[in-house]
Each structure stands twice: as structure tokens, then as C-alpha cells.
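Visitor: I would like to learn how to read a structure of this kind feature by feature. Could you put the general idea beside the particular case each time?

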Amino acid sequence: MRSHEMGQDPTDHDAEDGWEVAHPLGGTSLGGVRMAGFRDRIAVGLDKRVFAQPSVVVVIGLGDTPFTVEDERGAQPLTSFAATLAPGPARVRGERVECIEMRLSPPAAYALLGVAPSDLTRPVISLEDVWGRQERRLREQLAEGATWQERLALVDEFLLRRAARAPAMTSEVAAVWDHIVARRGQVRVAELAESCGWSRKQLWSRFSAQIGLTPKRAAMLVRFDHAARALRAGDNAIDVALTCGYVDQAHLHRDVLAFAGCTPRTLAAGPRREGEGF
């Protein structure tokens, strides 16, 4: 997915891979929210693994044909869905896909989903199970939108309304998450606890309840995300391990296997993750 300067046409109609991609003109109204529209222009089909990443992925299908989402519990047909930070071995397939995808930071997801990540019943869940009738109504409105910008604006307004009455994540938990991101995951749990004035036990309990991961696992995820991006960009594994704070290449190999289900070599050989849908 290519980036677009503000004021330019935010729709890429000539993507070499056959996908039309649209970004909201001027960005989104809420912090921690990234959004784009996707359309399969030439029916290439969708078959993607859902990687662990430091954001909750929300996909709203614009057609009647559901995605097929496979996770450790089996396959399920979903028109719209949300994937947790570390969904495990999950895969999404679809034909003639047209959808809007959002990537929500954990604090944004905590407020906008209306349920803590730790309360989600499976790694990839139907968005209707989370938003209920609001999800169905939003999809009806999106179907009436004539352009990508109308659709993206509808979603932006919907999120603003939810944010206005949403519970905020505890400020200490949000600050700890921001610290983990700023340090690219290279941080110790004791340091995190000290930064918010909590004991390690308090931090572990409160952070896990609102983020859906323990502080240690969250730091590992953020570190893995930076390593994965570097590997996809063509950096060699030894340099990536050193730069991203791994003890050695074997340590990097273990983390990539745990979060991506494959080796660093296989991960590096796949399509770049930067800006990639799903």
C-alpha cells in the first residue's frame, strides 16, 4: 500500500497486484486508528495469514459474500471480524473482496470495541458479536456510500460516536503501552512497574486485563514487529537480531517462530508487511 500526501487523490487505482486501495483524505479523527479501503479489482482473490502485530485488526466487508477465517478452533464464515494482537495461526480467504480495514492501537481498541481484548472469546471474532446491531447498521450505511471517501467518513463518524461514550483505558496502562512502543519492546518489566508506581504483580494483573497480553508478552510482540519489518525490508537476520535487542540469531528465530509460525527466512521471503492489508 502506497502512502499519499494530504490533498492528493488518496485512491490507488493502478496497484500492480490488482488491488485498489483508498486512504481517508486528511487522515482519521481519532488517535491510534489507521484506516483504508480495499477492493479486488481483477478478482485475484484473498489468501492471507494474519500475523501477530501491536494493533487490533478490524475488517468490515462491504459485500454479502463472507470471508472464510481459519484459526486454531477451525473455520468460520465472517462478513466482518476483529483479530486480537496475537491471533496465532490464523488465515483469511475471500473472493472479490471489498472491505474497510482498521488497525487500532490497544488503547483505541479498548475504547472502540467496547470490550477488553482479554474478554474476546477467540483470536478472530465476528464483529457483529462485538458491536451487535450497530455493526449491521454501519454495513447498511456503507453499502449506500457512492465513493471510498464517503465510506471512510462514515466509519470515522461511527468511531467518533463510540469514542464519545467509551470507557478510557487506565492512564497507567496506556502509559506503559506507550513506553513499550517507544522503546521498541526493549524494556524490562521491573522498569515498567517502576514507571507507573505499581508492583510487578499489580502491573501484570491490570495490564493483562486491559491489553490482553502480559507486559512481557507485549514487549516481545513489539520487538518482533520491528524485527519482522526489518526482515521483510531485506536486512539479514544477524543484523536484525542485534538491532532489535535479541541475544543472538537463535533467539530471533524462536520469537519469529512463536509469533509468525515460520522461520525468519520464510518471513523475509513473503510480501512486505508495511502498509499491507490484513
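The dialogue below takes up strands, helices, cysteines and backbone angles in turn.

Visitor: What should I keep in mind about the origin of the coordinates and the numbering?

Guide: This is a predicted model, in which local features need pLDDT of at least 70 and side-chain atom pairs count only at pLDDT 80 or more, whereas totals for chains, interfaces and linings use all residues. Residues are numbered from 1 along each chain as its sequence is written, and side-chain values use heavy atoms, with hydrogens and water left out.

Visitor: How do I read a sheet, and which strands form the open sheet here?

Guide: Strands of a sheet pair through backbone hydrogen bonds, in either a parallel or an antiparallel sense. Helices (H or I, at least four residues) and strands (E, at least two) are DSSP runs numbered from the N terminus, and two strands count as paired if DSSP finds at least two bridges between them. In this model four strands form an open sheet in the order E4-E9-E6-E7, with antiparallel pairing. Strand E4 (46-50) and E7 stand at the edges with a single partner strand each, so one side of each is left without a neighbour in the sheet. The twist averages 20° from one strand to the next, where axes are lines fitted to C-alpha atoms, for helices over the stretch in contact, and angles run from 0 to 180 degrees between N-to-C directions.

Visitor: Which residues stand opposite valine 69?

Guide: Valine 69 stands opposite glutamine 76 in E7, and also opposite valine 92 in E9. Strand E6 (residues 67-71) and strand E7 (residues 74-78) pair in the antiparallel sense over five bridges, forming a hairpin with two residues between them. E6 is also joined to strand E9 (residues 90-94) by three bridges, and these two strands run antiparallel.

Visitor: How many residues of E5 are buried?

Guide: In a regular strand the side chains alternate between the two faces of the sheet. Buried means under 20% relative accessible area, exposed over 50% and partly exposed in between (1.4 Å probe, protein chains only). In E5, six of its six residues are buried: Val56, Val58 and Ile60 lie on one side, and Val57, Val59 and Gly61 on the other, so that both faces are covered. E5 runs antiparallel to E10, to which six bridges join it, with glycine 61 opposite cysteine 99. Four bridges join E5 to E8, again in the antiparallel sense, and here valine 59 stands opposite phenylalanine 81.

Visitor: Where do the buried residues of H3 fall around the helix axis?

Guide: Helix H3 (residues 133-144) has 12 residues and reaches 17 Å from its first C-alpha to its last, close to the 16 Å expected at 1.5 Å a residue, the expected span being 1.5 Å times one less than the number of residues. Glu135, Leu138 and Leu142 are buried in H3. Seen down the axis, these buried residues fall within an arc of 65°, so they line one face of the helix; the arc is that of the directions from the helix axis to the C-beta atoms. On the other side of H3, Arg133, Ala143 and Glu144 are exposed. The buried residues pack against strands E5, E8 and E10 and helices H2 and H4, contact meaning heavy atoms within 4.5 Å.

Visitor: Which residues are buried in H10?

Guide: In H10 the buried residues are His251, Leu252, Asp255, Val256, Phe259 and Ala260. They cover an arc of only 130° around the axis, which puts them on the same side of H10. What covers them includes E4 and helices H8, H9 and H11.

Visitor: How many disulfides does the structure hold?

Guide: A disulfide is a covalent bond between the sulfur atoms of two cysteines. With a disulfide taken as a pair of cysteine sulfur atoms within 2.5 Å, the structure holds zero. Cysteine 99 is buried at a relative accessible area of 0%, and cysteine 196 is buried at 17%.

Visitor: What is phi of arginine 96 and of arginine 184?

Guide: Most residues other than glycine have a negative phi. Arginine 96 has a positive phi near 45°; this residue is found in the loop between E9 and E10 and, at 66% relative accessibility, counts as exposed. Arginine 184 likewise has a positive phi, near 55°; this residue lies in the loop between helix H5 (171-182) and helix H6 (189-196) and, at 48%, counts as partly exposed.
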